[in-house]
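Please read them with the coordinates open.

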Amino acid sequence: MTDRADLDTVFAALADPTRRAILTMLLEDDMAVTDVAEPFEMSLAAISKHLTILTRAGLIAQEKRGRVKWCKLQPDALRGASVWMQGFGQFEPVNLDAFERFLASELGGEDENRE
């Protein structure tokens with residue numbers, strides 16, 4: 001997903017806090033649309049619009065199981081956005097243990113120079 005239009009669609013979908021909250025909920029497990037809607041103070045129609053945007057962006061999949069529509073997270077859809085952000089370097093994971101060792105060595109060296 002390196003196509004600019006695909007990235008635009010993913011970032012537009014992620015721009016809304018309700019849609020980000022839905023994605024966070026789906027990290028746990030697949031959910032029925034009605035369960036997704038439950039914590040939000042908006043109509044089922046409004047939630048359905050959010051789900052449609054997430055589906056078009058490829059971030060979730062929706063499928064009917066019997067009479068119930070279910071939502072499932074599609075984490076691979078974030079790969080292109082993640083790769084794009086990592087290109088800036090500042091979004092790479094921070095190794096906190098290494099950073100703590102660096103600070104300890106720098107601060108320890110400072111104390112030795114003062115004596």
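The points below go from the overall fold to single residues.

1. Basis. This is a predicted model, in which local features need pLDDT of at least 70 and side-chain atom pairs count only at pLDDT 80 or more, while totals for chains, interfaces and linings use all residues. Residues are numbered from 1 along each chain as its sequence is written, and side-chain values use heavy atoms, with hydrogens and water left out.

2. Overall make-up. The chain has six helices and three strands; helices (H or I, at least four residues) and strands (E, at least two) are DSSP runs, numbered from the N terminus. Read from the N terminus, the order of elements is α-α-β-α-α-β-β-α-α. Of the 115 residues in the chain, 25% are buried. Here buried means under 20% relative accessible area, exposed over 50%, and partly exposed in between, with a 1.4 Å probe and protein chains only. Among contacts with a separation of 6 or more, 50% are between residues 24 or more positions apart, where contact means heavy atoms within 4.5 Å.

3. Three strands make an open sheet in the order 1-3-2, with antiparallel pairing. Strand 1 and strand 2 are at the edges with a single partner strand each, so one side of each has no neighbour in the sheet. Two strands are taken to pair if DSSP finds at least two bridges between them. Strand 2 and strand 3 (residues 68-73) run antiparallel and are joined by six bridges. Two of the residue pairs are Arg 65 with Val 68 in strand 3 and Lys 64 with Lys 69 in strand 3.

4. The hairpin. Strand 2 and strand 3 form a hairpin with two residues between them. Gly 66, in the turn, has a positive phi of about 70 degrees.

5. Helix 1. Which residues of helix 1 (residues 4-14) are buried? They are Leu 7, Val 10, Ala 13 and Leu 14. Seen down the helix axis, these buried residues fall within an arc of 130 degrees, so they line one face of helix 1. The arc is that of the directions from the helix axis to the C-beta atoms. Helix 2, helix 4 (44-56) and helix 5 (79-86) are among the elements that cover the buried residues of helix 1.

6. Arg 19. This residue is in helix 2 (residues 17-26). Arg 19 is buried yet has no salt bridge, and the nearest side chain of opposite charge, Asp 16, is 4.4 Å away. For charge, Lys and Arg count as positive and Asp and Glu as negative, with His and the chain ends not counted. A salt bridge needs a side-chain nitrogen of Lys or Arg within 4 Å of a carboxyl oxygen of Asp or Glu. The Arg 19 side chain does reach the backbone oxygen of Ala 12, at 3.3 Å. Leaving aside neighbours within four places in sequence, Arg 19 is in contact with Ala 12, Ala 13, His 50, Ile 53 and Leu 54.

7. Thr 18. Thr 18 is also in helix 2. It counts as buried, at 14% relative accessibility. Not counting residues up to four places away in sequence, Thr 18 touches Phe 40, Met 42, Ile 47 and His 50.

8. Salt bridges. How many salt bridges are there by this rule? The count comes to three. One of them joins the side chains of Asp 30 and Arg 65 at 2.9 Å, N to O. That pair links distant parts of the chain, 35 residues apart, with Asp 30 in the loop between helix 2 and strand 1 (31-32) and Arg 65 in strand 2 (residues 60-65). Glu 63 and Arg 65 also meet in a salt bridge, at 3.1 Å, N to O.

9. The side chains of Arg 79 and Asp 76 form a salt bridge at 3.1 Å, N to O. Both Arg 79 and Asp 76 are exposed.

Conventions:
A polar contact is a pair of N or O atoms within 3.5 Å; within protein, one must be able to donate a hydrogen and the other to accept it, and residues adjacent in sequence count only if both atoms are side-chain atoms.
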